[in-house]
Amino acid sequence: MDKLVIGNWKMNGRRAANHALLAALLQEPACNRRGVSVAVPALALADVAAQLAGQALSASAQDVSQFADDGAYTGEVSAAMLAEYSVDFVLLGHSERRQYFGEDNRVLAAKYDAAHAAGLRPVLCVGETLAEREAGQDEAVVAAQLEVLIGRADGDLVIAYEPVWAIGTGKVATIEQIAAMHAYIKQWVLRNTKGAVSIRVLYGGSVKAENADAVLSTPNVDGALVGGASLDVSAFRKICETAEKLIKYGNSQDVNLDR
Ligand code: PGA
């Protein structure tokens, strides 16, 4: 199984710094390969797409409008607009979107459909808060978030498991917690959807150069969604190198996905 690495720049970056960061990443074969992408602010896409034209490293988006058709939706960016800039993946339902913008399953279902219709690859982000985990609700919360996929999962499905308490906090979930939730997510998808031909579950939440090997070698971890460390060339390079090494010498402990 390949290992995807998606950098999530969040609301960071200025044009010159973005250019320098990408110029450095393009020099690194482990970063400039298919399966590595950077999710950048929508406003940066034109610059980023121009710089990445003809390269293997791809540009992705952090969000998309729930409205598929052009029209009177002030401030929105549609999936078709993103597609004009060769956007590869689009993150959907990142916990910051859920928390600060009230995104729920109804909105996310519309975004999922809009992204899919425009040929973008949605990455549905799921994850529980610390209070939910401590209350033993982690699987129930994640299952409720996964319901967006019912009737939608077809082709290559990409999900990012990001425990909210591990995002930007320096706290990484334990290997056991990650392995258990990733297996749970895959089994949930197999039980509740019909279409997907491949299911990849990325882990996100304080992935750094130092823990990339442990995280990416965990069973059923098919890649990483990297926030803070994706803004640092040397950290992101090391994470990409780890992913590439594991593709070559990978593990084979994943859940058997035969239906
Ligand atoms: P982090 O963010 O790596 O800075 O914890 C991950 C994310 O929010 O996607």
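Biologist: Which helix is Asp138 found in?
Modeller: This is a predicted model, where local features need pLDDT of at least 70, side-chain atom pairs count only at pLDDT 80 or more, and totals for chains, interfaces and linings use all residues. Residues are numbered from 1 along each chain as its sequence is written, and side-chain values use heavy atoms, with hydrogens and water left out. Helices (H or I, at least four residues) and strands (E, at least two) are DSSP runs numbered from the N terminus, and Asp138 belongs to residues 138–146, helix α7.

Biologist: Happy with that! Is Asp138 buried or exposed?
Modeller: The scale is relative accessible area with a 1.4 Å probe, protein chains only: under 20% is buried, over 50% exposed, and in between partly exposed. Because its relative accessibility is 14%, Asp138 counts as buried.

Biologist: And which residues does Asp138 touch?
Modeller: Contact means heavy atoms within 4.5 Å. Leaving out residues up to four places away in sequence, the partners of Asp138 are Glu128, Glu132, Arg133 and Met181.

Biologist: On to helix α5: how far does it reach from its first C-alpha to its last?
Modeller: Helix α5 covers residues 105–117, 13 residues. The expected span is 1.5 Å times one less than the number of residues. For α5 that expectation is 18 Å, and the model comes close to it, at 18 Å.

Biologist: Which elements do the buried residues of α5 pack against?
Modeller: Buried in α5 are Val107, Leu108, Ala109, Lys111, Tyr112, Ala114 and Ala115. These buried residues pack against α3 (79–83), β4 (89–92), α4 (95–101), β5 (121–126) and β6 (154–161).

Biologist: Nice. How many degrees lie between the planes of Phe67 and Tyr73?
Modeller: The structure holds two aromatic pairs. Rings of Phe, Tyr and Trp (its six-membered ring) pair with centres within 6.5 Å, and planes under 30 degrees apart are stacked, over 60 edge-to-face, the rest tilted. Phe67 is partly exposed at 30% relative accessible area, as is Tyr73 at 35%. Their pair is stacked, 3.9 Å centre to centre, and the angle between the planes is 5°.
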